[in-house]
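Reader: May we go through the structure shown here, beginning with a pair of packed helices?

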Amino acid sequence: MAAVESTQDELYQDAASTYGAALERLARAYEADVEIRRDLLQEIHIALWRSFEGFDGRCSLRTWIYRVAHNVAASHVLHQFRARSRMLVGLEELENLPDANSGQHAADRSHALDRLLALIQRLKPLDRHVILSYLEGLDAASIGEITGLSSGNVATKIHRIKALLARQFQGEVGHD
Amino acid sequence: MTEMLNAQEIWQSQPSEGMQMSAEAIRKRATKFERKIWRRNLRESVAAVVVIVAFSYFFVTAHDIPYRITWALFIAGMVWVIVQLYRKGKPKTMPADIGSSTCLEFFRSELERQRDLVKDVWTWYLAPMVPGYVALNVAWAVNRPSKLAVMALLDVCFVVLFIGVWQLNVWAARCLQRSIDQLPSAENPR
């Protein structure tokens, strides 16, 4: 029992130190309100710590961590969605957004980040999982393993994400 | 492609507060967090508890058996509803094996759980109130045979309310089913 606890604690410490910042970014993408976001992040950390009791190594530690974090966040979105009756959309619908840069000069990085966050927060949970994983630099195979989507499906979504980001942020983020 | 790389870079270079906890701290937070959820669930049940207290008052002060039976049945119905809400509602804490489900599996199961909750609203939320209401009709008829018209009017309101709540939930279940149908099939092995 003590050995299990010790492994669980060690795994958690490893995860928190390696992926702590990524988890924070993930929480930011799922919740705009600072106070609620802090609660969500705490819930993710607790779920992660608890989950390590049952971690069997059948998938990589990274996959496990992202699954736990995304699943907790998706549950949060579902709950908040019903409470706030907010309309979430898919990547296909976001593709029809007008080009954000038309008639506007490139803004600073923080503005670009705000707009990126606003865009992500409008997405349905599964599409949000994919775009976040993509922004974290994960490859298609890893995204498929985390989300459970087929490689073809992930490839299509990434293609859409790239086109969307290019259209929305072209010239704005490319001139540093 | 340059824009993509920079979008990733902008995303990853966000300032971080660096939330990190020791194993001891996370244990304490987990306990504190559970207490917080418990209090939140309690707050959500307050309305039902207030109704039970009111029904209990009516039960104690009722002058005859039919009315006592009525309030007892209403109380039993409310208790049943609270128990079902507790059992079927939002998971109190995340399951320990949450990391073994892919996002798609987890999301689907959450949507299905919510769909079943609203789809079966008749059996766990509305039907438990029917015995109490039928008993109220009987008690009313026995005690106030001259005012049956008032009870009939109440009956109409009751039926309209029931059907309204039921149909609202049927509609919500359909919306959730649509969301489930739109999910891609799980094609990726774990």
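Reader: At what angle do the axes of α4(B) and α7(B) cross?

Author: This is a predicted model, in which local features need pLDDT of at least 70 and side-chain atom pairs pLDDT 80 or more, while totals for chains, interfaces and linings use all residues. Residues are numbered from 1 along each chain as written, with chains lettered from A and ligands numbered from 1 in written order. Helices are DSSP runs (H or I, at least four residues) numbered from the N terminus, and axes are lines fitted to C-alpha atoms over the stretch in contact, with angles from 0 to 180 degrees between N-to-C directions. The axes of α4(B) and α7(B) (residues 148-182) come within 8 Å and cross at roughly 160°.

Reader: Is α4(B) roughly parallel or roughly antiparallel to α7(B)?

Author: Angles under 35 degrees count as roughly parallel and those over 145 as roughly antiparallel. The crossing angle therefore makes α4(B) and α7(B) roughly antiparallel.

Reader: How many nonpolar residues does the contact of α4(B) with α7(B) hold?

Author: Residues are in contact if their C-beta atoms, placed from the backbone, lie within 7 Å. Among those making the contact are B:Leu111 of α4(B) and B:Leu176 of α7(B). Ala, Val, Leu, Ile, Met, Phe, Trp, Tyr, Cys and Pro count as nonpolar, Asp, Glu, Lys and Arg as charged, and the others as polar. The contact has four charged residues, four polar and, as nonpolar, six.

Reader: Which helix supplies the largest share of the side of chain A that touches chain B?

Author: In total, 58 residues of chain A are in contact with 40 residues of chain B. The largest share of that side of chain A, ten residues, comes from α3(A).

Methods: Contact = placed C-beta atoms within 7 Å. Helix = DSSP H or I, 4+ residues; strand = E, 2+ residues; numbered from the N terminus. Parallel < 35°, antiparallel > 145°, perpendicular 65-115°, else oblique.
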